[in-house]
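Morning, everyone. Please have the structure up on your screens, and we'll walk through it together.

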Amino acid sequence: MNKYITIHGHFYQPPRENPWLEAVEEQESAAPYHDWNDRITAECYGPNTASRILDSKRRIIDIVSNYSRISFNFGPTLLSWMEKARPEIYRAILDADRVSRDKFSGHGSALAQAYSHLIMPLANDRDRRTQVIWGIADFQRRFGRRPEGMWLPETAVDTPTLEALAEQGIAFTILAPHQARRVRPLEGGEWEKVEGGRVDPKAPYLCRLPSGRSIVLFFYDGPPSQEIAFSSLLDNGEWFARRLLNTFSNSSAPQLVHIATDGETYGHHRAHGDMALAACLRHIENTGDTRLTIYGEFLERHPPAKEVEIVENSSWSCAHGVERWRSNCGCNSGLHRGWTQAWRQPLRDALDWLRDSLAPIFEEGLKQYCPDPWRARDEYISVILDRGEENIDGFFLRLSGRELSRPEQVAALKLLEMERHLMLMYTSCGWFFDEISGLETVQIIRYAARAIELAGGGPREEEFISRLDRAPGNVRDLENGGRVYRQLVLPSRISPATIGGQYGISSLFQDYPEETDLYGFRVRQNWYDRTRAGRRVLAAGAISLISCSTREEHNLEFAALYLGDNTVMGGVQAASADRSPRVFGPQLKEAFLKSDLSSMIRLLDGNFPHRIIGSDQLIPEERKKLVRRALEGTVLEVESALHTLAEHHYPLIQALKEAGLPLPPALAWTVQCTINTELRESLKAEKLNLSRLREAVAEAHKWNFRPDNDLLRDYAETRLEELVERFSQEPEDASRLTRLESFLRLVVAGPLQVSLWSAQNIYFRVGRELLPGMLGRKEAGDAAAGRWVGHFQKLGRLLRVSFPLPEAAG
């Protein structure tokens, strides 16, 4: 077989964490999801772990992982987020790579990526080296093997970048066809010019480097890659497959037809693109004369016969090389006619100045603890991947040759974290779009601000801002980068005192253990007391905040007071050594129990003169939680009153319906609210009562109820996941199966549009594992097995999943 096809997906999102919180904040533009990582995971990364194959009746006949049959890379910072936020999707991606090794002769589908997606030709030598080392180390930790290939951000390349890959043992990378300059046979001869995308993409090429090293380059096929990203090719998986199959020439030599696109094309940019990909892969597998492969396997079977020289400083997404990331080259989104990107060069100049001005501080500072600071930075990835105390102690012992004290560790970690942020601030998305005040550009400037803070701040920050002033914007009131820094970056800076105040106020409503994690800190209670009086709550205490990244410790004392509704006040400050923090606690408690508000405010002012907290000073996301929590009591009161009104006027409401008369708006809203409340309480009850839920659904149908928010759907999906999980733990338990079937029948027929994705995945897995055996028992006369099979098939119809096996056996 000489026909091979590889589809490569570059799955990536820029790092989005607030550098002071080490957490992704809510992003309203991603609604109804929490943030863009969350949204794109739901639309793309998750579906590709379990993509649906449908029959002609649009029933699911198979669920497959696309990752195990394509070549792919994931951004390390995206996987870091996913490991914590969506662990089941994260594990499925890693599992797919393991499965692919069996399919592709021991070669895995996954490739590494340069760590933080900076444009490698625009990086200095140190950063380029560290990016490759960190990308490899991150990959090894997650996938359990060394990577064979590495994806270059935006496929941006020059010879020093290829040298950096080859030096670290990377065998190959993937480039766009227009990045090949000329080729010739390995044994020598005349060079053939192939600029302008004229290289034959169906073969690998060896690139010999000045150092004597070499690396293999694959140039993806440009036209079909463009069509997948920008045409209707993903409307039909069979069309997709035919487009690739028709790309082969009549040559009898081994041919690799391969494409590369953003992985987000398969589900995020194009809805259900994952299903088109799955159908395409299945169609190719069924042709018989074409083999799906990945780069490592093809390279082992068919090494290069030609060598190549690259077009220096080129990329896949800028017609001007790498100018999109440093100049007003004309490349932009096309959405804002008349806008300028003249801000790109001054922004890069400001960041380069910051990096270079902080390099001596890093070098001289870290030399006190590690003889080779830059080697220490290269190896710091081991700490980023495991911030446990034992690992950090071992890291410094290995590099310093001695145990460092806690203050020494803090000083060294601050310098290393400074360097981490100095590389994050070069994330390519910061220049890709149109405006300096855009989400992605503000994010990289935040990383710069954090680096400045870790270096000690001072005049350097003002100098940095003055350099940003030279970067012109396109938005009124944000006319340059300096204004962006002052108005959008500085307000996102979160101090340890703010975290401490956040802890104090949230402790009014939730119980914390003696030690807990809160954003980027470990919080330890030194003492704590909470008192309730009706709806009012008082909390006071002292805590230690230990930074998870620098191990710096902040000792704080706080008091927080909730007076009902949305009224919150309190204070937080550094715990002083000259007085016990317990002094203010009893005094506040006494005034609180006496409902003496003026004394409480006076005590807060006296004990916390420099920092008084109100709800407006909370982290925005936590402020929303507080408001929602404050609303709960009010909403319950209103709902109870409306429920009473609905019961009282029900005969009249019923009479209006029977007479075919429209309900007056006041009565209609009363009925709507009552049905909404009953559905919600039925779904969130500690123990599910199917009879109660059935009655609520019947009322919803009777009054043509349509929910106007996502809350009911969330409750229904949570309950469905709970029932499916219980079923999967003991799938032969007929009672669990029938209970799940009954619930799903109500939900599917009801007014709620719930996601069946997780339920379908588990159902399909159980069917694969258990159904053949159950069918055998049924045929042998086992009545219980027969009943189980009957209910399982009914559940499948509700989930729109079809197993051919039961019908064939029946």
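This is a predicted model: local features need pLDDT of at least 70, side-chain atom pairs count only at pLDDT 80 or more; totals for chains, interfaces and linings use all residues.

Contact, in this talk, means heavy atoms within 4.5 Å.

Let's begin with helix α6, residues 222-230. Which of its residues are buried? They are G222, P224, S225 and I228. And what do the buried residues of α6 pack against? They pack against α7, residues 237-245, and β12, residues 255-262.

Now a helix pair. Find α24, residues 665-684, and α25, residues 690-702. Their axes come within 9 Å. They cross at roughly 155°. Angles over 145 degrees count as roughly antiparallel. So α24 is roughly antiparallel to α25. The crossing of the two, α24 and α25, is left-handed.

Who makes the contact? From α24, I675, E678, L679, E681, S682 and L683. From α25, R692, L693, A696, V697, E699 and A700. Sort the residues in this contact by class, and you get seven nonpolar, one polar and four charged.

Stay with one of those residues, S682. S682 sits in helix α24. Is S682 buried or exposed? Its relative accessible area is 2%. Buried means under 20%. So S682 is buried.

What does S682 touch, if we skip residues up to four places away in sequence? The answer is L688, R692, L693 and A696. A polar atom of the S682 side chain lies 2.7 Å from the backbone oxygen of E678. And here is a distance across the pair. S682 and E695 are 13 residues apart in sequence. From C-alpha to C-alpha, S682 and E695 are 9.6 Å apart in space.

Next, R719. Look in helix α26, residues 711-729. R719 has a relative accessible area of 5%, so R719 is buried. Setting aside neighbours within four places in sequence, R719 is in contact with L683, K684, A685, E686, K687, L688 and F743.

Helix α4 covers 125-143, and α5 covers residues 159-167. The axes of α4 and α5 come within 9 Å and cross at roughly 40°. That angle makes α4 oblique to α5. The crossing of α4 and α5 is right-handed. On the α4 side, the contact is made by R128, R129 and V132. On the α5 side, it is made by P160, T161, A164, L165 and E167. By class, the contact of α4 with α5 has four nonpolar, one polar and three charged residues.

V383 lies in α12, residues 381-384. V383 is buried, since its relative accessible area is 0%. Away from its neighbours within four places in sequence, V383 is in contact with N391, I392 and F395. V383 and G394 are eleven residues apart along the chain, and their C-alpha atoms are separated by 9.7 Å.

On to the loops. Take T290, in the loop between α8, 273-285, and β13, 291-292. T290 has 6% relative accessibility, so T290 counts as buried. The side chains of T290 and D289 are joined by a polar contact of 3.2 Å. Which residues is T290 in contact with, leaving aside its neighbours within four places in sequence? M1, K3, Y4, I5, L245, F248 and I284.

Last, some backbone points. Go to P32, in the loop between β1, 3-11, and α1, 36-45. A cis peptide bond joins A31 and P32, with omega about 10°.

Then two residues with positive phi. H117 is not a glycine, yet its phi is about 60°. H117 is in the loop between β5, 110-113, and α4. Its relative accessible area is 0%, so H117 is buried. D477 is not a glycine either, and its phi is about 75°. Find D477 in the loop between β15, 472-475, and β16, 478-480. Is D477 buried or partly exposed? At 47% relative accessibility, D477 counts as partly exposed.

That's the tour. Over to you.

Conventions. Residues are numbered from 1 along each chain as its sequence is written. Side-chain values use heavy atoms; hydrogens and water are left out. Axes are lines fitted to C-alpha atoms, for helices over the stretch in contact, and angles run from 0 to 180 degrees between N-to-C directions. Helices (H or I, at least four residues) and strands (E, at least two) are DSSP runs, numbered from the N terminus. Angles under 35 degrees count as roughly parallel, over 145 as roughly antiparallel, 65 to 115 as roughly perpendicular and the rest as oblique. A crossing is left-handed if the near helix is turned anticlockwise from the far one by less than a right angle, and right-handed if clockwise. Ala, Val, Leu, Ile, Met, Phe, Trp, Tyr, Cys and Pro count as nonpolar, Asp, Glu, Lys and Arg as charged, and the others, Gly among them, as polar. Buried means under 20% relative accessible area, exposed over 50%, partly exposed in between (1.4 Å probe, protein chains only). A polar contact is a pair of N or O atoms within 3.5 Å; within protein, one must be able to donate a hydrogen and the other to accept it, and residues adjacent in sequence count only if both atoms are side-chain atoms.
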